[in-house]
Amino acid sequence: IYIYDMLGGAPDRLTRVQRGVSSFAWRSESEILFAAEEDSTFRERTLAERKDDVVVAADREHYGPARLFSISLDTKEVKRLTRNAGVITEFAVSPGGGMAVLSENIDVDYGYDHRARPAQHLLDLETGEMREICTEPFVDPDSFEWARDGKGFYCRRAFASDSTDDYVNISHLWYFDMQSETL
């Protein structure tokens, strides 16, 4: 992530992430949240020491996490906000920056076999508390967008005649109410 001064000059590089940033969003005027993989795991460092460069495609056993981080524009300090085991595929920050809704893919093969569906979470950015939402079977919302009042968010849900195979589907717009925590 780079910050550009619109009056000119060289861009200021904020992040140095080996595998890159997958997405980012402003939390406030002085803080940005971003999703990225950890730089390296213990297993990866051990394999590198052994000079083992074999790459296993769709390696379920060693599916590496992508987590949510924050960076302060003032201090350039990076903080990890989540300790999830899966890959955060998308997130959205509430107006005012107090909450985030995120989707975590926990299975490398989900896009093909639809067995272990992604989990959706609400993350309280003040306390760090994270709780799972939308736990009903075959409820897999995505494309989150917070309402301007911050009392809920909109999302897209795919519907298909076969709930286990939604490759061909119709998208419906849904609203998640924060007070009742229902979709």
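**Strands and rings**

A: Let's start with Ser94: leaving aside its neighbours within four places in sequence, Ser94 is in contact with Met99 and Trp146 (contact means heavy atoms within 4.5 Å). Keep in mind that this is a predicted model, where local features need pLDDT of at least 70, side-chain atom pairs count only at pLDDT 80 or more, and totals for chains, interfaces and linings use all residues. Residues are numbered from 1 along each chain as its sequence is written, and side-chain values use heavy atoms, with hydrogens and water left out.

Q: OK, and where is Ser94 found?

A: Ser94 is in the loop between strand E7 (87-93) and strand E8 (99-105). Strands (E, at least two residues) and helices (H or I, at least four) are DSSP runs, numbered from the N terminus.

Q: Is Ser94 buried or exposed?

A: Buried, with a relative accessible area of 9%. The cut-offs are under 20% relative accessible area for buried, over 50% for exposed and partly exposed in between (1.4 Å probe, protein chains only).

Q: How do E7 and E8 pair?

A: In the antiparallel sense, over six bridges; two strands pair if DSSP finds at least two bridges between them. Ala92 stands opposite Val101 in E8. E7 and E8 form a hairpin with five residues between them, and Gly96 in the turn has a positive phi of about 90°.

Q: How many residues of E8 are buried?

A: Seven of its seven, so E8 is mostly covered. Both faces are covered: Met99, Val101, Ser103 and Asn105 are buried on one side, and Ala100, Leu102 and Glu104 on the other.

Q: What joins E8 to E9?

A: Six bridges join E8 to strand E9 (residues 119-124), and the two run antiparallel. Ser103 stands opposite Gln120 in E9.

Q: Switching topic: in what order do E11, E12 and E13 sit in their sheet?

A: These three strands form an open sheet in the order E11-E12-E13, with antiparallel pairing. Strand E11 (142-146) and E13 are the edge strands, and each pairs on one side only. The twist averages 25° from one strand to the next, with axes as lines fitted to C-alpha atoms (for helices over the stretch in contact) and angles from 0 to 180 degrees between N-to-C directions.

Q: How many bridges for E11 and E12?

A: Three, in the antiparallel sense. The bridge partner of Asp142 is Arg156 in E12.

Q: Now the rings. How many aromatic pairs?

A: Six. Rings of Phe, Tyr and Trp (its six-membered ring) pair if their centres lie within 6.5 Å; planes under 30 degrees apart count as stacked, over 60 as edge-to-face and the rest as tilted.

Q: Why is the pair of Phe153 and Phe176 stacked?

A: The ring centres of Phe153 and Phe176 are 4.9 Å apart and the planes are at 15°, so the pair is stacked. Phe153 is in strand E12 (residues 152-159) and Phe176 in strand E13 (residues 170-177), so the pair links distant parts of the chain, 23 residues apart. Phe153 is buried at 0% relative accessibility, and Phe176 is buried too, at 1%.

Q: What about Phe159 and Trp174?

A: That aromatic pair is stacked, 6.1 Å centre to centre with 25° between the planes. Phe159 lies in E12 and Trp174 in E13, so the pair ties together parts 15 residues apart in sequence. Phe159 is partly exposed at 33%, and Trp174 is partly exposed at 27%.

Q: Which residue lies over the face of Trp174?

A: Arg157, at 4.5 Å from the ring centre.

Methods: A charge sits over a ring if NZ of Lys or CZ of Arg is within 6 Å of the ring centre and within 35 degrees of the ring normal.
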